[in-house]
Amino acid sequence: MRSLVFLLLLSLAGAKIYERCELARTLKDKGMDNYRGVSLADWVCLSTWESSLDTSSINHNRDGSTDYGIFQINSRWWCEDGQTPRSKNACGISCSELLTDDISVAVTCAKRVVRDPNGVHAWVAWRLHCEGRDLTPYLAGCGLASTNL
């Protein structure tokens, strides 16, 4: 319980809700555009549907795992929250690191997720809301062009 309270306090202290174009520019600067074939528009779409662009977003799943941060990275497979039994922690991080306004750790972990055989399909929201759709509205007015819409 103490670690959950710590995570909540940490998330409130460093939380940021990105504007769509601000996130797109940040992700482009961090090398996410066309990383493993995933376009910048895909990343913005995914983040919009997973977290509403909120770095402090936390969602609890029926299997006892929790999704954290702007990309809703799962504690069963990718990070350690001290609450999820048999966590794999493939990114080698504490889940609390995904809840700050600096999304560098979240980006590094998301890159690790897409290197997995499931790739971007690991995110249900991407499959439901982004896959196979026209994603140009996610970069509209941002002054950016994705290399793979």
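Two rings of Phe, Tyr or Trp (its six-membered ring) pair up when their centres lie within 6.5 Å; planes under 30 degrees apart make the pair stacked, over 60 edge-to-face, and the rest tilted. By that rule, this structure has two aromatic pairs. Keep in mind that the model is predicted, so local features need pLDDT of at least 70 and side-chain atom pairs count only at pLDDT 80 or more, while totals for chains, interfaces and linings use all residues. Residues are numbered from 1 along each chain as its sequence is written, and side-chain values use heavy atoms, with hydrogens and water left out.

**The aromatic cluster**

- Let's start with Trp43 and Phe71: the ring centres are 5.6 Å apart and the planes sit at 70 degrees, so this pair is edge-to-face.
- Trp43 belongs to helix 3 (residues 40-51) and Phe71 to the loop between strand 2 and strand 3, so the pair ties together parts 28 residues apart in sequence. (Helices here are DSSP runs of H or I with at least four residues, strands are runs of E with at least two, and both are numbered from the N terminus.)
- Trp43 also pairs edge-to-face with Trp123, at 5.7 Å centre to centre and with 80 degrees between the planes.
- Since Trp123 lies in the loop between helix 4 and helix 5 (124-129) and Trp43 in helix 3, this second pair ties together parts that are 80 residues apart in sequence.
- Put together, ring pairs link Trp43, Phe71 and Trp123 into a cluster.
- How buried are these rings? Trp43 has a relative accessible area of 0%, Phe71 comes in at 1%, and Trp123 at 5%, and each counts as buried (under 20% relative accessible area; exposed is over 50%, partly exposed is in between, with a 1.4 Å probe and protein chains only).

**The nonpolar core**

- A nonpolar core is a set of buried Ala, Val, Leu, Ile, Met, Phe, Trp, Tyr and Cys residues joined through side-chain atoms within 4.5 Å.
- The largest one here has 39 residues, and the members that touch the most others are Leu27, Trp43, Phe71, Ile103 and Trp123.
- Helix 2 (20-29), helix 3 and helix 4 are the elements that give two or more residues to this core.
- Setting aside residues up to four places away in sequence, Trp43 touches Leu27, Met32, Val38, Phe71, Ala110, Val114 and Trp123. Contact means heavy atoms within 4.5 Å.

- Ser47 sits in helix 3 and is buried, at 0% relative accessible area.
- Beyond its neighbours within four places in sequence, Ser47 is in contact with Leu23, Ser52, Leu53, Ile70 and Phe71.
- A polar atom of the Ser51 side chain lies 2.7 Å from the backbone oxygen of Ile70. For reference, a polar contact is a pair of N or O atoms within 3.5 Å; within protein, one must be able to donate a hydrogen and the other to accept it, and residues adjacent in sequence count only if both atoms are side-chain atoms.

**Salt bridges**

- There are three salt bridges, each being a side-chain nitrogen of Lys or Arg within 4 Å of a carboxyl oxygen of Asp or Glu.
- Glu22 and Lys16 meet at 2.8 Å, N to O; Glu22 is partly exposed at 26%, and Lys16 is partly exposed at 26%.
- Asp33 bridges to Lys28, with the closest N and O atoms 3.2 Å apart. Asp33 is buried at 15%, whereas Lys28 is partly exposed at 32%.
- Asp63 and Arg76 meet at 3.9 Å, N to O. This pair links distant parts of the chain, 13 residues apart: Asp63 is in the loop between strand 1 (58-60) and strand 2 (66-68), and Arg76 in the loop between strand 3 (73-74) and helix 4 (104-115).
- Asp63 is partly exposed at 47%, while Arg76 is buried at 12%.

**Charges over rings**

- A charge sits over a ring if NZ of Lys or CZ of Arg is within 6 Å of the ring centre and within 35 degrees of the ring normal.
- Lys16 lies over the face of Tyr18, 5.0 Å from the ring centre.
- Lys111 lies over the face of Tyr35, at 5.2 Å from the ring centre.
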